[in-house]
Amino acid sequence: MTSWEPYHLVDPLLARVPWPFGRHVEAVTVGPVRALRMARRWGGRTLMAVHCYVVGDTLIDAGLACYASDVLAFAREGGVRRALVTHHHEDHVGGASALVAEGVDVRAPALTARLVREPLPVRFYQHVLWGRAPAVSLRGFEGDAVALGPYEARVVAAPGHCDDQVVLHVPSQGWLFSGDAFLDERVKVFRRDEDFAATVATLERLCALDFDALFCAHRPRATGGREALRRKLAWMREVEGLVRRRHVEGATVKAIARELPQVRRGALLDLLALGDVSVENMVRAVLEGPRPRREVRRTVERP
Ligand SMILES: [Zn+2]
């Protein structure tokens, strides 16, 4: 088995492309929490915005590398001294190296810190949507509680979307900073490396926590967050039941994907993602489990 895939070879070239995207970056508030919302614009459309949040002197997630100077300015303006990263994906860790260079104490789960120590290759659609994150040396969380400005947050493991993800629960305020553990009530597509069983187990644990505001990195909700998470869990169970039933009846992955009760994403993403994000992946994730990226698996398996 080779240790590389085509996107590993193309990635260094794509990282040098001066992508002509339009900018979308603005400071917003979600309930009582300030956030920086950022996205790239293509053809007049804003694609998959991501948020980083500030609570007291603490920033949660670090946004996109192409907006690192905006993240820095937002952090400075808020008096940020510390930052916490929820997982290694490029839309959460992109501004981390700029923050570290400015003297911000950036912490991450231990596995995240190991993953981002070297530049992680990303696929074509990730270059288009977000761009690659620079490598960065981060310190790990110590213990399972961290200060979030004046509040204490519990660090809760939340694997599924990826192995290293954590979420931050602030019981005193009824807040959950969920990284990418939520995304949407009815996710319609899966990345090839997402773990369906771990996602369901994580949702079960998160639904048992006491919170109302859900600070999802992509689709935050100031209220009704736990109910939204419960609806997502119910949807995932419905998908699993349907997939397993149709598999036993002999339906193919493609046929089952066509039958899932959902609206398909735009053909553009299907085209750009070259199969890395698809409805079929969700079906395969139920039946066969995840297919981790090699560079991630290598780091996870290394002692
Ligand atoms: Zn992610």
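Tutor: Let's start with burial: 43% of the 303 residues of the protein chain count as buried in this predicted model. To count as buried, a residue needs 20 or more other C-beta atoms within 10 Å of its own. Now for contacts between residues at least 6 apart in sequence: 64% of them join residues at least 24 apart. As for what the chain is built from, you'll find twelve helices and 14 strands. Its radius of gyration is 19 Å, close to the 19 Å that the globule rule gives for 303 residues, so the chain is as compact as a globular protein of that length. If you follow the C-alpha trace along its principal axes, it spans about 60 × 45 × 45 Å.

Okay, on to your sheet. Strands of a sheet pair through backbone hydrogen bonds, and they can do that either parallel or antiparallel. Here, five strands make an open sheet with mixed pairing, and the order across it is S8-S9-S10-S11-S13. At the edges sit strand S8 (145-148) and strand S13 (213-216), each of which pairs on one side only. Going from one strand to the next, the twist averages 25°.

Let's zoom in on the S8 end. Strand S8 pairs with strand S9, residues 151-157, and the two run in the antiparallel sense over four bridges.

Technical notes. Residues are numbered from 1 along each chain as its sequence is written. This is a predicted model: local features need pLDDT of at least 70, side-chain atom pairs count only at pLDDT 80 or more; totals for chains, interfaces and linings use all residues. Two strands pair if DSSP finds at least two bridges between them. Axes are lines fitted to C-alpha atoms, for helices over the stretch in contact, and angles run from 0 to 180 degrees between N-to-C directions. The radius of gyration is taken over C-alpha atoms; the globule rule is 2.2 Å times the number of residues to the power 0.38. A residue is buried if 20 or more other C-beta atoms lie within 10 Å of its own, exposed if 12 or fewer, and partly exposed in between; C-beta atoms are placed from the backbone. Two residues are in contact if their C-beta atoms, placed from the backbone, lie within 7 Å.
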